[in-house]
Amino acid sequence: MKLALLLTAGLAASGCTSIRENRGYIVDQTLTQSVQPGIDNRQSVQATLGRPTFTSQFGEPVWYYVSSITGRRPFVRPKIEEHSVLAVRFDAEGNVIAADRSGLEQVVYLTPDSDQTPTLGRERSFFEDLFGNIGRVGAPGMGAPAGP
């Protein structure tokens with residue numbers, strides 16, 4: 001009886017453990033440290049690290065390798081435990097000029113204010129929207145055609 005109770009308690013406790021998930025690029029420190037400015041080019045970086053997570057669309061060419069490890073308890077929103085970004089910048093000829101690394105300190109958490117999008121202009125009530133155009137549509141001098 002004690003063994004069954006202990007086994008049940010252990011099984012219940014294991015249901016509360018954190019679920020770890022890798023998202024994005026799976027980092028291999030040896031490979032990411034091997035990218036050297038002035039030595040590597042686009043072809044060697046792609047052969048070493050693979051295709052980037054995404055590339056820059058404007059300005060100088062930059063390849064980004066983004067990796068996150070999240071932990072999530074059951075029924076709770078995932079929380080970022082580890083985060084790294086490797087930004088490999090290239091010159092016009094395709095040679096590596098810099099390999100910048102950043103981590104969790106650069107992550108920004110956004111909290112929306114509400115479920116409404118603020119707009120510029122006048123706030124109108126439901127009844128102003130419903131009855132606001134009475135007398136304006138087809139009034140003389142408002143650009144509407146005058147009678148038959």
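Is strand 3 (residues 62-72) mostly covered or mostly exposed, and how many of its 11 residues are buried? Strand 3 is mostly covered, with nine of the 11 buried (buried means under 20% relative accessible area, exposed over 50%, partly exposed in between, using a 1.4 Å probe and protein chains only). Before we go on, note that this is a predicted model, where local features need pLDDT of at least 70, side-chain atom pairs count only at pLDDT 80 or more, and totals for chains, interfaces and linings use all residues. Residues are numbered from 1 along each chain as its sequence is written, and side-chain values use heavy atoms, leaving out hydrogens and water.

Let's follow the partners of strand 3. Strands here are DSSP runs (E, at least two residues), and helices are runs of H or I with at least four, numbered from the N terminus; two strands pair if DSSP finds at least two bridges between them. Strand 1 (residues 19-24) runs antiparallel to strand 3, joined by six bridges, and Ile19 faces Arg72 there. Strand 4 (residues 79-90) is also antiparallel to strand 3, over 10 bridges. Six residues lie between these two in a hairpin, where Phe75 in the turn has a positive phi of about 70°.

Tyr64 of strand 3 is a handy landmark: Tyr64 stands opposite Ala87 in strand 4 and also opposite Phe54. Strand 2 (residues 54-55) is antiparallel to strand 3, with two bridges. Their hairpin has six residues between the strands, and Gly59 takes a positive phi near 75°.

Finally, look beyond the strands. Helix 3 is followed by Gly50, whose phi is positive, near 90°.
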